[in-house]
Amino acid sequence: MTDLDRGDPLASYRDRFVGADQPLVYFDGNSLGRPLRVTGPRLARFVEEEWGGRLIRGWDERWFDLPRTIGDDLGRVVLGAAPGQAAVGDSTTVLLYKLMRAAVAARPGRTEIVIDRDNFPTDRYVAAGIAEECGLTLRWIDVDTSAGVTAELLSAAVSEQTALVVVSHVAYRSAWLADVPELTRIAHDAGALVLWDLCHSVGSVPLELDAWGVDLAVGCTYKYLNGGPGAPAFLYVAERHLAELTQPIQGWMGAVDPFLMGPSYAPAEGIRRFLSGTPAIVGMLALQDMLALIESAGLDAVRAKSVALTSYAIEVADRLLADAGVVVASPRDPARRGGHVTLNHPLMREVTAALWERDVIPDYRDPHGLRLGLSPLSTSFDEVDRGLAEVREVLNSLA
Ligand SMILES: Cc1ncc(COP(=O)(O)O)c(C=O)c1O
Ligand SMILES: Nc1c(O)cccc1C(=O)C[C@H](N)C(=O)O
């Protein structure tokens with residue numbers, strides 16, 4: 001344990017995660033968070049008691065409303081959203097499709113979707129598919145891969161033709177933290193809607209979606225919310241848009257009365273209308289455990305630890321790796337940085353492969369970035385020290 005770990009008010013939270021007591025260095029909590037220790041027994045209890053005991057009655061008793069009730073929990077604990085505006089279900093990709101499609105339909109006559117070239121592939125691919133489907137054009141914002149979308153770049157891209165702007169809050173490559181209220185205001189001034197991808201911020205960066213005037217947002221739950229591989233994503237639709245937006249996948253679970261099984265679709269009131277098919281109940285349970293943990297730690301304290309971890313990683317990289325040609329490719333200003341740090345070097349693809357052999361698990365992202373995902377409640381400062389010392393050794397051995 002380092003002095004920084006001894007002084008860390010959240011250090012004890014690490015013990016709550018499966019495997020955190022092992023020597024393995026885990027820098028990929030921003031792709032797949034560790035499971036919580038309470039989750040295994042809880043899932044077993046669910047199988048025995050709720051699924052096995054209540055059987056089909058479980059739908060009436062609790063499961064039917066779970067996408068909304070967990071949505072409200074997300075709103076309270078991590079999104080800064082009043083109840084009734086968030087729900088859990090589908091993958092982020094499917095939710096991106098639903099909300100982009102709903103948004104462009106709500107801006108008839110406008111011909112463009114604005115998106116940046118460095119946005120996550122699924123966001124770009126879905127936007128391209130919708131542009132093709134609806135006869136729209138993509139207006140690309142060129143961003144520096146070590147930065148992200150700024151107010152200047154967005155102002156230059158939007159016009160009276162913009163139907164929708166799609167931006168990631170934290171850029172998956174650089175960790176650039178976009179200014180949500182400012183960019184939202186710029187899009188609104190042009191008469192457009194904005195869809196925020198919160199995958200890399202939710203659970204590590206505090207959000208105030210209601211106060212920031214956000215229209216629409218999606219995010220995954222398997223990163224900093226530790227929901228497990230393939231856990232369902234969430235969506236947020238601001239109350240003022242709930243009645244005006246129509247999503248394209250009109251399934252029975254988003255209908256006004258699913259069990260009426262009527263001849264035609266009529267959307268439910270409120271956020272339920274954005275659901276489509278039977279919700280993945282088992283996949284939502286782990287997420288509830290992590291939300292409870294974040295609530296007990298306090299999201300501001302989580303962010304403070306995240307900033308301390310990323311600042312420390314940059315400090316160690318400067319000290320240990322700069323003379324080997326490693327360049328910090330994430331913002332140095334913590335106010336502009338999310339929960340990970342990317343380090344560039346021409347050999348990072350080979351370095352990443354060698355690190356995995358040594359039980360140090362970051363990931364690699366083109367063009368030559370080693371990405372360190374530092375999950376605030378489960379990563380220690382000692383892990384940062386040990387992991388970056390291994391990076392130095394591997395670089396020496398490859399030189
Ligand atoms: C910014 C961003 N959007 C979307 C996704 C993923 O979407 P899905 O869960 O549908 O694979 C990820 C990560 O995989 C991501 O980092
Ligand atoms: N969702 C993932 C998956 O199913 C397999 C491997 C990695 C992922 C990720 O989450 C990647 C991550 N979103 C990224 O920013 O690169």
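**Exercise 1.** Find which helices each supply at least two residues of the shell around ligand 1, and describe that shell by class.

*Solution.* The helices are α5 (92-105) and α6 (121-134), each of which supplies at least two residues of the shell; helices (H or I, at least four residues) and strands (E, at least two) are DSSP runs numbered from the N terminus. Next, take the shell as a whole: 13 residues surround ligand 1, and the closest are Ser91, Thr92, Thr93, Phe120 and Cys199, where a residue counts as near if its C-beta atom, placed from the backbone, lies within 6 Å of the molecule. Finally, sort by class, which gives 5 nonpolar, 6 polar and 2 charged residues, with Ala, Val, Leu, Ile, Met, Phe, Trp, Tyr, Cys and Pro counted as nonpolar, Asp, Glu, Lys and Arg as charged, and the others, Gly among them, as polar.

This is a predicted model, in which local features need pLDDT of at least 70 and side-chain atom pairs count only at pLDDT 80 or more, while totals for chains, interfaces and linings use all residues. Residues are numbered from 1 along each chain as its sequence is written, and chains are lettered from A and ligands numbered from 1 in the order in which they are written.

**Exercise 2.** Determine which residues of α8 are buried and how they are arranged about the helix axis.

*Solution.* In α8 (residues 180-189), the buried residues are Val180, Leu183, Thr184, Ile186 and Ala187; buried means 20 or more other C-beta atoms within 10 Å of the residue's own, exposed 12 or fewer, with C-beta atoms placed from the backbone. Seen down the axis, these buried residues fall within an arc of 160 degrees, so they line one face of the helix, the arc being that of the directions from the helix axis to the C-beta atoms. On the other side of α8, Pro181 and Asp189 are exposed. The cover over the buried residues includes α7 (151-157), β5 (162-168) and β6 (193-197). Just after the helix, Gly191 takes a positive phi of about 85 degrees.

Notes: Two residues are in contact if their C-beta atoms, placed from the backbone, lie within 7 Å.
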